[in-house]
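Welcome, and take a moment to look over the model below. We will walk through it together, one topic at a time.

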Amino acid sequence: MTREFFATWPVGELERQSDYWLEEQGRLTEPMRYDQATDRYVPVSWDEAFALIARELRALADPNEAEFYTSGRTSNEAAFLYQLFARLYGTNNFPDCSNMCHEPTSVGLPESIGIGKGTVVLEDFEHADAIFILGQNPGTNSPRMMTELHNASRRGAPIIVFNPLKERALERFAAPQDPIEMATFGSTRIASEYCQVKVGGDTAALKGIMKLVLEADDAARAAGRPSILDTAFIAEHTDGFEAFAADIRQSAWEDILSTSGLERAQLERVAQVYMQSKAVIACYGMGITQHRLGTDNVQQVVNLLFLRGNIGRPGAGICPVRGHSNVQGDRTVGVGEKPKPAFLDRLGRVFGFDPPRAHGHNVVHALAAMLDGRAKLFIGMGGNFVAAVPDKPLVQEAMRKLRLTVAVTTKLNRGHLVHGRAALILPCLARSEIDFQKSGPQSVTVEDSMSMVHASGGLLLPASDQLKSEVAIVCGMARATLRDTSIDWQAFEDDYDRIRDKIEEVFPDLFKDFNARIRQPGGFRLPNGASERVWRTSTGKAQFIVFRGVDEDPRVSHPEMLRLATVRSHDQYNTTIYSMNDRYRGVYGTRTVIFMNKDDMAARGIAPQALVEIEALYGDRVERRVRGFTALPYELQRGCVAAYYPEANPLLALAHHDRKSQTPAAKSIPVLVRAMAAQAQATNAAE
């Protein structure tokens with residue numbers, strides 16, 4: 001995408017294009033500045049862009065009027081320098097993409113096991129006797145994981161799936177690496193038990209399984225047989241078992257079954273698999289985290305594993321499945337709105353300044369600050385912030401009132417068209433491209449969901465000689481903005497080894513010999529106390545945490561209410577749309593669809609393929625409605641519907657979030673669905 005493209009297309013016309021069309025226009029090739037007079041982006045030099053950022057940042061009355069957003073594509077090196085730049089500037093405002101997905105993991109797991117990360121490594125899947133998959137669709141969202149599930153199934157390990165939708169890849173999967181399956185069009189069964197829970201029914205199902213395990217243990221003890229529970233692990237390594245067990249025992253089966261939507265016989269089969277397995281891995285995704293009690297949901301998955309000591313030994317453990325390549329690593333190297341005092345002390349000592357101590361903004365707080373006018377400036381390191389957030393129409397209006405928006409990116413997206421009064425698009429190198437700096441070709445590092453850190457170096461020539469690396473862009477902004485600093489930003493830009501040396505100084509326990517270890521094949525794993533049964537909690541032990549009742553989301557009294565879960569299509573990565581088709585679900589050429597139970601459709605007089613309007617139910621007197629969605633019958637439980645993200649985001653209220661982590665509860669939006677009148681359908685078609 002060159003300056004000629006932007007000269008042809010006013011921003012107002014680009015806004016009318018689909019997200020898919022925007023993505024398909026190709027790579028951005030030079031920095032661009034928004035020109036209000038012509039409603040177009042025009043070329044700007046890098047020096048002019050950095051000067052504009054510096055001028056606007058220095059003009060703010062308070063550093064906390066700026067929001068520094070990160071997406072998970074940001075490398076460890078760029079993220080470390082980014083948080084250093086923002087803290088030297090004077091703020092802890094770090095809204096982050098993880099705030100919208102796995103923040104309940106970052107909040108919930110430390111309370112349970114002392115670390116906000118999973119405990120397994122890839123090799124554990126080879127030794128697991130059973131694998132539980134909750135609220136996660138790896139066939140679409142984590143295809144690398146399908147190989148491990150395929151192999152586990154082929155060797156006879158039961159795979160238990162909890163998902164409101166029947167997903168083809170969780171039922172059967174053909175491994176591309178298997179020549180026989182490819183040649184014969186064969187496949188392997190994945191789910192040995194597919195628990196099609198209601199939306200918001202996972203914790204009820206988990207409590208049912210745990211209730212059955214406790215009942216079986218009671219019976220075994222009464223009969224003089226060995227305990228079903230790992231009593232030694234519970235006694236030596238955990239606190240809170242008695243309160244937890246009392247709550248499970250008093251949970252009523254009627255509530256468990258009605259909320260989960262499952263039959264007791266199926267839960268009994270699942271409990272039997274769990275009790276017969278010596279090593280169990282539990283994987284989960286946003287179907288667990290994106291609820292009003294998402295953090296509590298995560299902790300119930302851990303509770304199940306605790307019962308038989310399935311943490312801290314081979315083939316067992318908790319496995320939160322994250323998306324972006326470095327969403328976990330960004331946090332490890334300091335991106336976060338609630339920094340720990342010890343980290344700030346080390347950062348200040350290494351770089352010779354006093355970092356700000358007050359907590360900053362996460363995504364919800366940043367959006368609130370934009371809506372009420374406190375935020376003035378937004379810098380986004382990657383991502384498509386506007387498309388991803390709740391209350392999309394309100395947020396778009398607020399974004400347009402900001403003094404400056406800055407986007408570091410590779411391709412055009414919606415976030416560049418909904419911008420502040422001044423706006424910059426700063427094109428960066430892709431991870432696949434050669435990053436050549438003064439000291440030679442550079443590599444960057446990322447941390448995956450299993451705490452493995454490895455180096456990544458590009459092999460392709462850059463799409464344009466005007467592109468800069470993320471590190472170079474951060475250094476350029478910092479050099480232009482920060483006048484009173486002795487930090488040699490140019491040295492960091494010239495040689496990324498120097499950045500890693502500083503990361504090691506600030507995090508000596510995590511990154512000892514950082515530069516040496518990333519040069520080893522496969523990289524290295526960061527220390528993970530819970531994997532070794534070292535619990536860095538307040539008591540020094542793992543914690544059973546009680547979940548009162550069985551409801552993950554508040555009950556809504558409206559008799560026609562349906563629970564909507566937002567989902568991604570097969571050819572989609574987060575907000576990036578690679579195709580208008582979703583072949584696994586039989587959808588072609590469109591994304592404005594809603595999947596419904598056929599009996600719910602019939603009860604509302606909605607025919608297959610009919611256009612409907614969807615209205616959110618919050619009781620806050622704000623109208624949230626989308627129209628012209630096509631209703632498709634799908635295998636879901638009654639009372640449950642699903643629609644694509646981000647198309648359904650206008651239905652998600654900012655205040656509808658997890659109470660502890662503030663992650664938007666996008667997997668359980670209370671809605672009404674109505675057939676559109678013929679006249680309204682005709683109007684929608686014309687539009």
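Predicted model: local features only at pLDDT ≥ 70, side-chain atom pairs only at ≥ 80, totals over all residues.

Residues are numbered from 1 along each chain as its sequence is written, and side-chain values use heavy atoms, with hydrogens and water left out.

Let us begin with the cysteines. The structure holds 0 disulfides, a disulfide being a pair of cysteine sulfur atoms within 2.5 Å. Cys97 is in no disulfide, and the nearest cysteine sulfur, that of Cys101, lies 5.6 Å away. Cys97 is buried, at a relative accessible area of 10%; buried means under 20% relative accessible area, with a 1.4 Å probe and protein chains only. Cys475 is likewise in no disulfide, with the nearest cysteine sulfur, that of Cys428, 14 Å away. Cys475 is buried too, with a relative accessible area of 0%.

Now turn to the helices, which are DSSP runs (H or I, at least four residues) numbered from the N terminus. Helix H11 (residues 202-222) packs with helix H17 (residues 294-307) at an angle of about 20°, their axes 10 Å apart. Axes are lines fitted to C-alpha atoms over the stretch in contact, and angles run from 0 to 180 degrees between N-to-C directions. H11 and H17 are therefore roughly parallel to each other, a term for angles under 35 degrees.

Which residues of H11 meet H17? Thr203, Leu206, Ile209, Met210, Val213 and Leu214 do.

Conventions:
Buried < 20%, exposed > 50% of the residue type's maximum accessible area, 1.4 Å probe, protein only. Helix = DSSP H or I, 4+ residues; strand = E, 2+ residues; numbered from the N terminus. Parallel < 35°, antiparallel > 145°, perpendicular 65-115°, else oblique. Contact = heavy atoms within 4.5 Å.
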